[in-house]
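Subject: Structure handover and notes

Hello,

Please find the structure below, followed by notes on what was found in it. Please keep it open while reading.

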Amino acid sequence: MSNVLILGAHGQIASLARTQLLQETNHHLTLFLRNAQRIKHVDASRETVIDGDATYAQQLTTAMQGIDVVYANLGNARIEDQARAVVTAMNNAGIKRLIWISTLGIYDEVPGSFGRWNHQMLDGGYLEHYAAAAQVIEASDLNYTIIRPAWLSNRDVVDYETTQKGEPFKGTEVSRKSIADYVVNLINDPAKEVRHSVGVNQPHTDGSKPSFY
């Protein structure tokens, strides 16, 4: 059993991961989010809820006491500040394992017309903020895994493949349920993909190439 801290616990992927962790594991979950009253149906025997702001390292440091794995499901214009606060807090608390949700395109790793379209759709500083946050994580000495999902869907399917930093994406979309499953697998096997940045997409099972080629 591990003690897992979920930052941004009300997010869609985090909510799916939370449900799967409760159903399939014995881990204890600490749910950290703003406006904590949004969290419903808390299992008091296995869950602790903390109302806090992930841009404040001291709040995070307090929440990280006794934690084994930090899973950060954060995201807004202040994500670089959040990354710095998370790294600082983990260093303060003596925690090494971090699972960090980012986005595709932060390394210009999406090929072809889809890559150009993706960059246009996420223009206005979005990609730059996420890329800067990833740089903060990668410059740390944490045992991180950065997850870069393709475009997210709400399809009820768990089917995904991965690529490493420096490799082009293989597909254009992936379900939130698939990303949640991948997060749970990393929590259950914390030695997997350490200090890797991993792209995740749904494979083309018919062997065809995705439309961005």
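Strand β10 (residues 196-201) is mostly covered, with five of its six residues buried. Buried means under 20% relative accessible area, exposed means over 50%, and partly exposed is in between, with a 1.4 Å probe and protein chains only. Helices (H or I, at least four residues) and strands (E, at least two) are DSSP runs, numbered from the N terminus.

This is a predicted model, so local features need pLDDT of at least 70 and side-chain atom pairs count only at pLDDT 80 or more, while totals for chains, interfaces and linings use all residues. Residues are numbered from 1 along each chain as its sequence is written, and side-chain values use heavy atoms, with hydrogens and water left out.

Partners of β10

Two strands pair if DSSP finds at least two bridges between them. β6 and β10 run parallel and are joined by five bridges; P149 stands opposite V200 in β10. With β8, the pairing of β10 is antiparallel, over four bridges. Q164 has V198 of β10 as its bridge partner.

T163 belongs to β8, which covers residues 161-164. T163 is buried, at a relative accessible area of 1%. Which residues does T163 contact, leaving aside its neighbours within four places in sequence? They are R148, P168, F169, K170, S197, V198 and G199, where contact means heavy atoms within 4.5 Å.

β5 runs over residues 97-101, and five of its five residues are buried, so the strand is largely enclosed by the rest of the structure. In a regular strand the side chains alternate between the two faces of the sheet. In β5 both faces are covered: R97, I99 and I101 are buried on one side, L98 and W100 on the other.

β5 is joined to β4 (residues 69-72) by four bridges, and these two strands run parallel. Y71 has I99 of β5 as its bridge partner. Between β4 and β5 the chain passes through helix α3 (residues 79-93), and this β-α-β crossover is right-handed. The term means that, with the strands pointing away from the viewer, the path from the first strand over the helix to the second runs clockwise. β5 is also joined to β6 (residues 143-149), by five bridges and in parallel. There, I99 stands opposite T145 of β6.

Helix α6

α6 has 13 residues and reaches 18 Å from its first C-alpha to its last, close to the 18 Å expected at 1.5 Å a residue. The expected span is 1.5 Å times one less than the number of residues. Is α6 largely enclosed or open to the outside? Of its 13 residues, 10 are buried, so α6 is largely enclosed by the rest of the structure. Among the buried residues are S178, I179, V183 and I187.

R176 lies in α6 and counts as buried, at 16% relative accessibility. R176 is 162 residues from A14 in sequence, yet their C-alpha atoms are 9.2 Å apart in space. Not counting residues up to four places away in sequence, R176 touches Q12, I13, L16, L152, S153 and N154.

Y182, another residue of α6, is buried, with a relative accessible area of 2%. Rings of Phe, Tyr and Trp (its six-membered ring) pair if their centres lie within 6.5 Å; planes under 30 degrees apart count as stacked, over 60 as edge-to-face and the rest as tilted. By this rule there are two aromatic pairs. In one of them, the rings of Y160 and Y182 have centres 5.7 Å apart and planes at 65 degrees, so the pair is edge-to-face. Y160 sits in the loop between β7 (151-153) and β8, 22 residues from Y182.

Two loop residues

H41 is not a glycine, but its phi is positive, about 55 degrees. H41 is in the loop between β2 (28-33) and β3 (47-51) and is exposed, at a relative accessible area of 78%. R195, also not a glycine, has a positive phi near 60 degrees. R195 lies in the loop between α6 (176-188) and β10 and is partly exposed, at 35% relative accessibility.

The chain as a whole

The protein chain has six helices and 10 strands. Of its 213 residues, 52% are buried.

Regards
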